[in-house]
Amino acid sequence: MRKTILVSILTTMTIGMQAASPWTKGGFETGKYRNLFVEMGYQPAAVDAKVKEVFNDVFRGPNKVYFEVGDSLGYVSDIKNHDVRTEGMSYGLMVAVQLNEKDIFDRLWRWAKKYMQHQVGDRMGYFAWSCKTDGTHNSDGAASDGELYFITSLIFASNRWGNDTGIDYKAEAQHILNCIQPKEYEVTRRQGPWGFGGQQNGGEKQKQQMFLIDPKTKLITFTPDGWGNSFTDPSYHIPAFYEVWAKWGDDGRADFWQACADASRQYLHKATDPTTGLNPDMSNYDGTLRTGFGGRRDGSSNFRYDSWRVPMNIALDYEWSCADGAWQRGYAERLQNFFYSQGVDKFVDQYRVDGSLPEDNEILQAGGFRKLRHSIGLVATVAAASVMCSHEKSREFVDALWNARHVPFDDGYFDAYYDGLLRLFAFMHLSGNYRVITPAR
């Protein structure tokens, strides 16, 4: 009996030491990924079952956001907004390729190509960021994070399944890579700010530039045309994705994509608060807060829905590349220290970047509600940052995610789409199931 107890104690101590020791090399180099749940004492079988459960919640359960159309198509819908977005479609593709769900991947890609991707004209290769569920465009313009995920997911699909099973994934990725290069297009100038996607009405015609990556700074745009290509969104920055393009895009731009990865990492240093770790919803390319478009008045310089993704994106770059590991480990602990000070089970989902609470007019509404909440999507991404942490607080964030229930709030608000997808990504990260997919041998 004493021997059994001693073995149990030693095992627990070993798990504790592993959980407190972030890795110093990434998956590109090692091909290995941490299962932080297991390191912290959860049973492997329970972890596998939990990941499957969370996946089924998003793709197959009663609150699913994935829907099949006929024999060959499928889409992911932002249920509360009654549309299909490049954000959700590209996230769905990444989940599907990571978890080897080829039928789901192929259905999503066929729907995106048929209804969302522009096949001719100035926007050829880009995707309409929002469509109705019948494929009708709500907007023709692109949101740059969609293209970022589309390209990376297609390269991974090529690496995992090859290009001769009905879809030439590599060719599709290369087509987008070619189309996102800077080019001119003609617009009609008017007074006032541009709408989302760069549409203008009335006035004189002039030439504008369209580009997914700003050629001067090598940073991703908020949108590739018009008003949106003059600034960026911190949550669109995933440096390791560019390394995937450099390694397997085979488009002749490997050096440029590597430079984009390096620039993106340096940008994140500037865009995250040095004390709280919080980042704004939008920022200038130099990382400073935007004041020309709303600024404090409408909360666009605050930490809010888009901002939640940044901890998880930095964790992904850490897990895959670890090229900026020292800074990333410090960032993750600063961020968790801030949320810990707010209460692991109490922190809200929107703040000013200095950690103060926003005023009512700054709070971004969702689903018809303008309200601060303890949202499971943010619970998920803060927990995902634990892969970079060595402090004991990280355990509490991981446990909080494991135990959190994705159910409606008391007032009826429920986000099956955004909260559900971020929760799924976090479980993939923390279980070692979000990986670099290398070419099959």
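Two strands pair if DSSP finds at least two bridges between them. Strands (E, at least two residues) and helices (H or I, at least four) are DSSP runs, numbered from the N terminus. The model is predicted: local features need pLDDT of at least 70, side-chain atom pairs count only at pLDDT 80 or more, and totals for chains, interfaces and linings use all residues. Residues are numbered from 1 along each chain as its sequence is written, and side-chain values use heavy atoms, without hydrogens or water.

**First stop: the strands**

Select residues 73-78, strand β2, which is joined to strand β3 (residues 83-85) by 2 bridges in an antiparallel arrangement. D78 has D83 as its bridge partner in β3. The hairpin of β2 and β3 has 4 residues between the strands, and H82 in the turn has a positive phi of about 60°.

**Second stop: the helix**

Select residues 309-320, helix α11, whose 12 residues reach 17 Å from first C-alpha to last. Because 12 of the 12 residues of α11 are buried, the helix is largely enclosed by the rest of the structure. Among the buried residues are Y318 and E319. Just after α11, select C322, which takes a positive phi of about 60°.

How values were computed
Expected span 1.5 Å × (residues − 1). Buried < 20%, exposed > 50% of the residue type's maximum accessible area, 1.4 Å probe, protein only.
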